[in-house]
Amino acid sequence: MGGRAIVVTSGKGGVGKTTATANLGLGLAREDRKVVMIDGDIGLRNLDLIMGLENRIVYHLLDVVRGRCQVRKALIKDKRFPNLSLLPASQVDRKEDISPEQMRDLTAQLKEDFDFVLIDCPAGIEQGFRNAIAGADEAILITTPEVSPVRDADRVIGLLQHSVGDPRLIINRMNPEMVRKEQMLNQSDVLEILAVPLLGIVPEDDEVVVAGNCGAPVVLNERSQSGQAYRRIVQRILGEDVPIPELNGNVGFIQRLGKLFFGR
């Protein structure tokens with residue numbers, strides 16, 4: 001039985017998609033699953049930096065699909081978890097230099113050897129997006145609780161539903177204080193707009209930035225709230241029934257609209 005290919009995507013860039021991919025990959029590897037992460041952001045790779053693997057790249061994704069090397073030669077094993085590998089993107093090629101058919105074939109090949117194939121999708125809905133979703137069985141959608149990223153996420157949901165079905169949603173960088181002050185959409189607001197299953201909520205946490213800069217994703221930090229949130233999300237991906245903590249304020253979006261326009 002083959003592994004599961006999951007594309008991690010978003011509508012808008014800068015919402016933490018690559019950071020989420022790194023944390024989910026490490027989290028699944030901590031649970032003794034064999035995991036490979038594909039950096040699908042050709043020309044703008046970052047997953048290697050967040051993983052602290054940037055100095056070990058010899059071959060990349062384009063080398064594999066062009067037949068310059070076998071896929072096993074291009075994979076970089078994480079020394080912390082030997083069951084976790086990264087297939088990095090090229091830094092000099094273009095997203096148009098690979099086709100959805102090539103990505104589909106590559107993903108199918110990797111599913112034979114790994115429990116999970118995580119594909120870090122570039123932002124937007126152009127060629128890079130089409131490549132990244134081509135071989136995916138499932139999708140995880142990342143958004144922050146702001147109007148613009150949520151609107152873009154809504155657009156991506158429509159595209160995903162035609163290819164891999166309904167994505168599961170991670171709301172990233174939720175700030176309970178801003179929700180209480182009615183300066184940020186809350187969990188209910190986002191779910192009401194996007195209407196897809198919620199996989200988890202990651203609170204805003206300075207430790208994420210520190211961890212990314214150190215090449216040690218926050219899921220390895222036992223004390224951080226965001227690390228704990230990612231570990232709970234991993235458990236849900238593995239099929240466990242883990243409750244999702246509320247990080248909401250008390251007033252919903254519709255109620256706030258009522259207050260804004262009708263003073264009640």
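**View A. Glu 138 is in contact with Arg 4, Ala 5, Ile 6, Val 7 and Arg 168, when its neighbours within four places in sequence are left aside.** Contact here means heavy atoms within 4.5 Å. The model is predicted: local features need pLDDT of at least 70, side-chain atom pairs count only at pLDDT 80 or more, and totals for chains, interfaces and linings use all residues. Residues are numbered from 1 along each chain as its sequence is written, and side-chain values use heavy atoms, without hydrogens or water. Glu 138 belongs to strand β6, which covers residues 138-143. Helices (H or I, at least four residues) and strands (E, at least two) are DSSP runs numbered from the N terminus. One of the contact partners of Glu 138 is Val 7; these two residues are 131 residues apart along the chain, yet 6.4 Å separates their C-alpha atoms. Glu 138 counts as partly exposed because its relative accessible area is 22%, given that buried means under 20%, exposed over 50% and partly exposed in between (1.4 Å probe, protein chains only).

**View B. Helix α6 contains both Gln 127 and Ala 134.** The helix spans residues 127-134. Gln 127 has a relative accessible area of 16% and is therefore buried. Beyond four places in sequence, the contacts of Gln 127 are Lys 95, Glu 96, Ile 98, Ser 99 and Pro 100. Ala 134 has a relative accessible area of 18%, so this residue is buried too. With residues up to four places away in sequence not counted, Ala 134 touches Pro 100 and Arg 104.

**View C. Ala 123 lies in the loop between β5 and α6.** Strand β5 covers residues 116-120. The relative accessibility of Ala 123 is 40%, so this residue counts as partly exposed. Apart from neighbours within four places in sequence, Ala 123 is in contact with Lys 12, Gly 13 and Lys 17. Ala 123 and Asp 41 stand 82 residues apart along the chain, with 8.2 Å between their C-alpha atoms.

**View D. Glu 54 occupies the loop between α2 and α3.** These helices cover residues 47-51 and 61-65, respectively. Glu 54 touches Asp 48 and Leu 49, not counting residues up to four places away in sequence. Glu 54 is partly exposed because its relative accessible area is 31%. From Glu 54 to Ile 76 there are 22 residues in sequence and 9.8 Å in space, C-alpha to C-alpha.

**View E. Asp 32 and Ala 195 have positive phi values although neither is a glycine.** For Asp 32, phi is about 70 degrees. This residue lies in the loop between α1 and β2, the latter covering residues 35-39. Asp 32 counts as exposed because its relative accessibility is 68%. For Ala 195, phi is near 55 degrees. Ala 195 sits in the loop between α9, residues 187-194, and β8. At 59% relative accessibility, Ala 195 therefore counts as exposed.

**View F. The largest pocket is lined by 16 residues.** On a 1 Å grid over the protein atoms alone, a pocket is an open set of points where a 1.4 Å probe fits, with protein on both sides within 12 Å along at least five of seven lines; lining residues have an atom within 4 Å of a point. Thr 19, Arg 173, Asp 205, Val 208 and Val 209 lie nearest the centre of the largest pocket. Two or more lining residues come from each of α1 (17-30), β7 (168-174), β8 (198-203) and α10 (206-214). Helix α10 gives the most, with five residues.

**View G. Cys 69 and Cys 121 are buried.** Cys 69 counts as buried because its relative accessibility is 8%. The relative accessible area of Cys 121 is 0%, so Cys 121 is buried as well. The structure holds zero disulfides, a disulfide being a pair of cysteine sulfur atoms within 2.5 Å.

**View H. Residues 257-264 have pLDDT under 50 throughout.** This value is the predictor's confidence in each residue, from 0 to 100. For residues 257-264 the model has six contacts beyond four places in sequence. Across the protein, the mean pLDDT is 90, and 93% of the residues reach 70 or more.
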